[in-house]
Amino acid sequence: MKVEQLFTGCLAEMAYYIESNGEAAIIDPLRETEPYIEMAKADGAKIKYVFLTHFHADFVSGQVDLAKKTGATIVFGPNANPHYDIHHGKDGEEFKIGNATLKLLHTPGHTMESSSYLLIDKNGKMPYVFTGDCLFIGDVGRPDLAVKSDLTQADLAGHLFESLRNKIMTLPDDIIVYPNHGAGSACGKNMSSETFDTLGNQKKTNYALRADMTKEEFITEVTTGLKPAPQYFGNNVRMNKGINTSIDEILQRGTAPLDAATFKEMSERDDILVVDTRSKEEYTDEGTVPGAWYIGADGGFAPWVGSLIPNIKQKIIFIAEGGREHEVVTRFSRVGYDNTLGFLRGGMHAWLAAGFEVDKIGSMSATQFANELKAGTIDVALDVRKESEYLSEHVEGVENFPLDFIQSNFAEIKPDKTYVLHCASGYRSLIAASIFKANGVNNVIDVRGGFNDIKDTGAKLTEYVCPTTLL
C-alpha cells in the first residue's frame, strides 16, 4: 500500500494519492489532472475513486476532468448535490481500493457535506485519517463559509464540535491526521506549518480539542477572530458544484504566444488585464507593460489572484519567465481564473525591442526609508501587511493599508500624493505598488526588503504583541 501527501505551497493545500494492489484513489485533487494520472501509470494502477472531503472554497478541484479521463467514480459525503454524477456516500460506508479500505465519516461543521476518510489496511489497522477541513494541525475549519439563512456560523460550529468529539477524537491516539490545508490557508485562523501529526498530540496541543471544553466554549473559540473570507471563495464553491471548462482547453488557449504588437493592442483594451508574473528582480529591473499588475509566480500567486481580481471571468494576458507559461496558466485556473488569453512572446526583451513604453516602480532601501521617515520627508507611508501583522508590531507613524482589502479601500488613496509602501519582505508591497500605478498613482515607491529589513535600521517600532493574542 502506498499513501502520498501532495503538498502545493501556493495554496497550502494537500491532496492525497493512495494505491493498493493495482487500484488507486485521489483525495481532494487540484484542477490539473496529469500529475495524478502519471502517478497511477507509474504504479501500474487504475484510478478507481476520486474522493472529495467537501466543496472547496479556496481552489477549484479537478474531480470532473479526472473522472472523465480515468473512468473513476467521484465520491462526496451526505448533503452534497453537485451538477454532475457522483456517488452519494453514506456515513460509515466503506470503499475498497485494492487491499485497503476507505471508510467515510460524515463530519459536518466546516460545511454540511464535509466528510473525513478513515484508511483501514488489509490487517484491519487504521494508520491514517484524512480530515479535509474538519481538523487541521493546530486548528479546525472555520464555520462561516457555508452559512445560509437558516444556518448560522454558531450552528455550524456546533455541528463541528459534535463531529470532532464523536467521529475524530474517538479514533486511536497514534493515528496520523492528514488535513487538506496548512499554514497560509484562509480556511482556518491558526494553522500549524506542519502538514500531519498524530491525533494524540493534537489532543494535547490543538486548542479546539481540549478535553474539558464545553460546546459553548468551542463555539466561542472557533467563531472569534474570523476575518472576512477572500472574495473569490464563493465563486470557487459554485464552480466546484458545477461542470467547468476542461483544464486542457484552458491550457491550450492560455498559453497562446502573442507578439509584442498584438500584446500591446490587447493590453490597451478596457476588458483585458495584464499580469506580470516574473520575479521581483526582473520586474523592478526591467520594468513592465504600462498598466500591468505585478503578482509574482514565486509568491502566494493563486490566493492573491483570487483576492485581488474582483471578476473571476476577467480576461487576462500575462508576462512570464520563459518556459513557465504552462505553470502560470495552471495556477490561474486553480482558483477559477480560466480566461487567460496568452502571454508576451519573448517577454520584456521583445517589448523593448519593439520600442514600446515601459512602466517602472520606484524603490528605496530600508535604511533610506527609516532616515526619510525620521526626517519627515515622506508624504504617506503605508504598511500593506495584514492587520494582525501590523498590530503585532509596526513602524511608528506608518498607517496600515492591507493588500487584502486594497480594492474596497482604494477610494482613500489620493493620486496627487507620493506613497511609500512596505510589507514584510517586498512581495506584497510590489503588488500593491503596481495596482496603485495602474490606477493613476504615478508617485509610488517600494521599500526593498520590507519590514524584515526595516527592523534592522533602528527605526522606532511599536511594542511587540504575540499575534495569537490578537485572535
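The structure is a predicted model.

**Helix 7 and its surroundings**

Helix 7 spans residues 247-254, and its buried residues include I247, I250, L251 and G254. Viewed down the axis of helix 7, the buried residues fall within an arc of 95 degrees, so they line one face of the helix. An α-helix has 3.6 residues a turn, so residues three or four places apart point the same way. The buried residues of helix 7 are covered by several elements, including helix 2 (63-70) and helix 11 (325-334). Strand 16 (315-319) and strand 17 (340-344) are also among the elements that cover them.

**Salt bridges**

Side chains of opposite charge can pair when their charged atoms come close. In this model, the count comes to 28 salt bridges.

| Pair | N to O distance |
|---|---|
| R334 and E32 | 2.4 Å |
| K203 and D173 | 2.8 Å |
| D271 and R269 | 2.9 Å |

The salt bridge between R334 and E32 links distant parts of the chain, for the two residues are 302 residues apart. R334 belongs to helix 11, while E32 lies in the loop between strand 3 (23-27) and helix 1 (34-42). Are these two residues buried or exposed? Both R334 and E32 are buried.

In the pair formed by D271 and R269, D271 is partly exposed at a relative accessible area of 34%. R269 is partly exposed as well, at 37%. Elsewhere, salt bridges that share partners join D298, E321, R324, E327 and R331 into one network.

**The second largest pocket**

The second largest pocket has a volume of about 420 Å³. Its lining consists of 20 residues. Which of them lie nearest its centre? These are E113, A146, K148, V237 and K241. By class, the lining of this pocket comprises 11 nonpolar, 5 polar and 4 charged residues.

Key. Residues numbered from 1 in each chain as written. Predicted model: local features only at pLDDT ≥ 70, side-chain atom pairs only at ≥ 80, totals over all residues. Heavy atoms only, no water. Buried < 20%, exposed > 50% of the residue type's maximum accessible area, 1.4 Å probe, protein only. Helix = DSSP H or I, 4+ residues; strand = E, 2+ residues; numbered from the N terminus. Arc of directions from axis to C-beta. Contact = heavy atoms within 4.5 Å. Salt bridge = Lys/Arg side-chain N within 4 Å of Asp/Glu carboxyl O. 1 Å grid on protein atoms, 1.4 Å probe; cavity = no way out; pocket = protein on both sides within 12 Å on 5 of 7 lines; lining within 4 Å. Points joined across faces, edges and corners; volume = space filled by probe spheres on them. Nonpolar A, V, L, I, M, F, W, Y, C, P; charged D, E, K, R; others polar.
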